[in-house]
Amino acid sequence: MAVMADLDKVSDTGGLKAEALIDIPVVIDGAERKLYVTDDLPTARGLKHRGEAVAVYFHESNRGQDFSEFPYAVEEPETLDAAYAERVYRRLKGLPWNILETDRCVIRETTPEDVDIFYKIYSNPEITKYMEGLYSDVEQEKQYVREYIERVYAFYEFGVWTVLEKESGEIIGRAGFSYRQGYDDPEIGYIIGVPWQRHGYAQEVCRAILEYGWRELGFERVQALVETENEPSLTLCDKLGFTAVEELEINGRGYFRLVKEAASQ
């Protein structure tokens with residue numbers, strides 16, 4: 001849906017012209033906020049200094065100005081998608097993106113505040129039996145998350161996200177996509193805390209994020225690397241429609257590489 005915005009200055013044809021300033025309403029947790037879009041560098045800097053969320057409107061008349069300090073820019077702000085405007089606002093304000101919802105879960109970007117709960121989930125040895133644990137130092141893990149937000153979420157606009165149970169609001173695990181060195185295909189991964197296992201959450205969440213990968217991220221193929229002894233994950237991959245294409249060894253441990261094509265959904 002396109003955003004209906006009030007334009008401070010418009011041309012005779014209804015389009016924007018130089019020195020335009022738009023404030024686009026966005027709703028965050030039930031409260032209305034504003035994303036500002038301007039084509040004027042001093043105005044953009046003034047709004048940013050005031051603590052506002054600012055995106056740049058690019059056109060032929062202002063391409064000589066250095067807007068490099070502003071990470072988001074648009075060329076047709078009057079048709080800016082409302083969902084995208086909210087995501088730009090969230091990124092500029094350091095708020096997590098809401099990725100998707102399933103019947104029972106909410107999947108959103110991870111925040112440093114999630115880390116304390118992650119340590120409780122990872123404290124069960126069943127969780128780290130087939131995957132790496134967290135840093136031994138909590139603050140080091142939180143710093144890793146901060147850097148992940150800046151370097152992965154902001155660059156790829158996807159990654160490994162936090163999974164919450166919708167009814168209780170509790171964090172129950174993590175799921176999402178990543179790239180593994182040496183492979184071109186994005187890789188799906190998940191963790192569901194032991195108290196919530198065997199209730200179908202993993203399958204529900206993974207099906208939803210696969211669909212998100214096809215529809216929103218344009219993935220054509222997704223891989224999964226699962227240890228050969230990890231029967232629950234192998235069973236899940238089979239239910240999701242993955243096919244084993246090779247067996248390999250990583251750091252002395254055996255893995256199956258499984259692949260699912262977008263056309264096979």
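**Cysteines and aromatic rings**

Guide: A disulfide is a pair of cysteine sulfur atoms within 2.5 Å, and by this rule the count comes to zero disulfides. Please keep in mind that this is a predicted model, in which local features need pLDDT of at least 70 and side-chain atom pairs count only at pLDDT 80 or more, while totals for chains, interfaces and linings use all residues. Residues are numbered from 1 along each chain as its sequence is written, and side-chain values use heavy atoms, with hydrogens and water left out.

Visitor: Is C105 buried or exposed?

Guide: Buried means under 20% relative accessible area, exposed means over 50%, and partly exposed lies in between, with a 1.4 Å probe and protein chains only. C105 is buried, at a relative accessible area of 0%, and C206 is buried as well, at 2%.

Visitor: How is a pair of aromatic rings described?

Guide: Such a pair is described by the distance of the centres and the angle of the planes. Rings of Phe, Tyr and Trp (its six-membered ring) pair if their centres lie within 6.5 Å, and planes under 30 degrees apart count as stacked, over 60 as edge-to-face and the rest as tilted. The structure holds 13 aromatic pairs. In one of them, F155 and Y156 have ring centres 4.9 Å apart and planes at 90°, so the pair is edge-to-face. F155 is exposed, at 61% relative accessibility, whereas Y156 is partly exposed, at 38%.

Visitor: How are the rings of Y156 and Y179 placed?

Guide: Their centres are 5.7 Å apart and their planes are at 45°, so the pair of Y156 and Y179 is tilted. Y179 is partly exposed, with a relative accessible area of 38%.

Visitor: Which residues form one aromatic cluster?

Guide: The cluster is formed by F155, Y156, F158, W161, F177, Y179, Y212 and F219.
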